[in-house]
Amino acid sequence: MFTKLVITVFLIAATNPQVFPQSNSKVGSSPIGGRPAFTQRTYCNPLNIDYGYTPIPNFTEWGKHRATADPVIVNYKGDYYLFSTNQWGYWWSNDLSNWHFVSRLFLKPWHKVYDELCAPAVCVMGDTMLVFGSTYSTNFPIWMSTNPKGNEWKEAIDSFEIGGWDPDFFPDDDGKLYMYNGSSNRYPLYGIEIDRKTFAPKGTRKEMYLLEPWRYGWQRFGEYLDNTFLDPFIEGAWMTKHNGKYYLQYGAPGTEFSGYADGVVVGDHPLGPFTPQSFPFSYKPGGFARGAGHGATFKDNNNNWWHVSTIAISVKNNFERRIGIWPAGFDKDDVMYMNAAFGDYPYYLPGTPSQPPPKGEVFTGWMLLNYNKPVSVSSTLPSYYPNFAVDENIKTYWSAATGNTGEWIQTDLGNLSTVKAIQINYADQDVEFLGKQQGTYHQYKLYHSTDGKKWKVLVDKSNNKTDVPHDYVELESPVQTRYIKLENIHMPTGKFAISGLRVFGNGNGSKPDTVKQFVVLRTEKDKRSAWLKWRPVDNAYAYNVYMGIAPDKLYNCIMIYSANEYYCKAMDMEKPCYFSIEAINENGGIGQKPGSKG
């Protein structure tokens, strides 16, 4: 589905990133006319849930907007439960695709904060789920439930006296309970054992890990990893145990940035000592949906690992964010990784039964068909131009002049193509809401045409009653078409604005050529950084650059559009780094070639 060139010191065979098995999942709408409902097999980041709007008034001075972050997903009795910042409730799902919101306020009136569970800790102990929100005070309760789907909760303890910001509870399999917390650009993450029955601390807290940006380039603060303005932050602790080892994960260097990531340190005891992995294991600095920090790692019902984390937008406020889910795992050497290759393109859901791609990969192989292709619209709000809807930048968006029924946007794929799925990413323009809203919804119709003149309805959501800010529609039957038109029927608030009208499938043209003359210039002055350059491929619109500590461990992926260079500043200054590159276009690709290291 793409071409790849690998650069190492020795000539090696290029390989795809780690592959993952598939299993069963049920997704879809109600049966029509007696025919079984279509089972949607795929999903696409950002996660399509009814994100609440920021409840903090001074965060909206540049415009009211949706916002959440710091997600946790736990598997409880075969269902998945998702908690995140400032949502006045939580979601559950049985398939990681259809999410059901449960309205719940966990904080008390006397807490007097806007943050209704900021960066919550969630864990499962036996048959009980525990929930606790970030706090520096001593009077936050720990909540417990054996029926979270039914919204039945009671206090496990009315005041958790030691508190903790960005907390994480980790019940070990020996019966002991630990807590980790910390969010600072000065202090480390801390860990402590907690009495499992009384929740009282046992002993004193210990330092777990403090960032080392002098060594690990990716830990430097800022969009360009230059430590401008502030020192880097460490936050968002999460502990996972695998093969007797403890993997303490942490977010860094700042939630506002494309390079927001989750690093991991590994030890033989829950309180350390720990050894860092050189690269972040959860990392997505390129593409449409950027950032993959402050998250949680969990298993699906087929014992496969996944990672949920924070996606940055940060336009109307630094804390304007979304959520993404990616496959994760551990290799034969117990190295922890997350697969972000094509991480905002369609992926197979866990449990997908039918016809997985070669080798069981989670990526479907469906390519983006309309990157920077011609766009027509019904109207334009000044400065919010039509092509912002197809530029693969979630920060930019087209806005119609109104939110009225009948406003539309049309994208030309350039040629007849096989369309298999469409993602509609709504943007917030002149919205009116603060906080979590219920009963809001989007309604629209999608049309397609082979000539731009005669149109057929492709998707009809004119009767939809759900809030779908990042709606993703997998077509039951692919269509051969050239033009896709999105027509607004109803917006929940604000103007009809789109940050990404993304059409996926496969083109019918030539596949990309192999990348040639891939050069890694790693400076002697600062080995955390390198300048990557390559000869442009004429029929490619983007490239995936993989990097890692060994030729068979290229777990980090950076997607780069419309460029033939990249300034990589994420390396471990004390170790060699290996790279590979693949060319991408709407038609896929074939062929692999080896090279050398940086």
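Select Tyr43, Trp306, Phe342, Tyr345, Tyr347, Phe363 and Phe504: ring pairs link them into a cluster. Rings of Phe, Tyr and Trp (its six-membered ring) pair here if their centres lie within 6.5 Å; planes under 30 degrees apart count as stacked, over 60 as edge-to-face and the rest as tilted. The structure holds 43 aromatic pairs.

Before moving on, keep in mind that this is a predicted model, where local features need pLDDT of at least 70 and side-chain atom pairs count only at pLDDT 80 or more, while totals for chains, interfaces and linings use all residues. Residues are numbered from 1 along each chain as its sequence is written, and side-chain values use heavy atoms, with hydrogens and water left out.

**Stop two: Tyr90 and Phe106**

Now pick Tyr90 and Phe106. Their ring centres are 6.2 Å apart and the planes meet at 45 degrees, so this pair is tilted. Tyr90 sits in strand β5 and Phe106 in the loop between β6 and β7 (121-125), 16 residues apart. (Strands are DSSP runs of E with at least two residues, numbered from the N terminus.) Buried or exposed, what is Tyr90? Tyr90 is buried, with a relative accessible area of 0%, and Phe106 also counts as buried at 0%. The scale: buried means under 20% relative accessible area, exposed over 50%, and partly exposed in between, using a 1.4 Å probe and protein chains only.

For another example, jump to Lys485, which lies over the face of Trp455 at 4.6 Å from the ring centre.

Strand β5 (residues 89-93) pairs with β6 in the antiparallel sense over 4 bridges; two strands pair if DSSP finds at least two bridges between them. Widen the view and you get an open sheet of 4 strands in the order β3-β4-β5-β6, with antiparallel pairing. Which strands stand at the edges? They are β3 (72-76) and β6 (100-103), each with a single partner strand, so one side of each has no neighbour in the sheet. The twist averages 25 degrees from one strand to the next, with axes fitted as lines to C-alpha atoms and angles running from 0 to 180 degrees between N-to-C directions.

**Stop four: around Lys553**

Time for charges. Select Lys553, Asp331 and Asp333. Asp331 forms a salt bridge with Lys553, the closest N and O atoms being 2.7 Å apart. Here a salt bridge is a side-chain nitrogen of Lys or Arg within 4 Å of a carboxyl oxygen of Asp or Glu. Asp333 makes a salt bridge with Lys553 too, with the closest N and O atoms 2.7 Å apart. Asp333 lies in the loop between β21 and β22 and Lys553 in the loop between β34 and β35, so this pair ties together parts 220 residues apart in sequence. Colour by accessibility: Asp331 is buried at 8%, Lys553 is buried at 10%, and Asp333 is partly exposed at 41%.

Select Lys202 and Glu193, whose side chains meet in a salt bridge (3.6 Å, N to O). Lys202 is partly exposed, at 44%, whereas Glu193 is buried, at 17%. A search of the whole structure finds 26 salt bridges.

Methods
A charge sits over a ring if NZ of Lys or CZ of Arg is within 6 Å of the ring centre and within 35 degrees of the ring normal.
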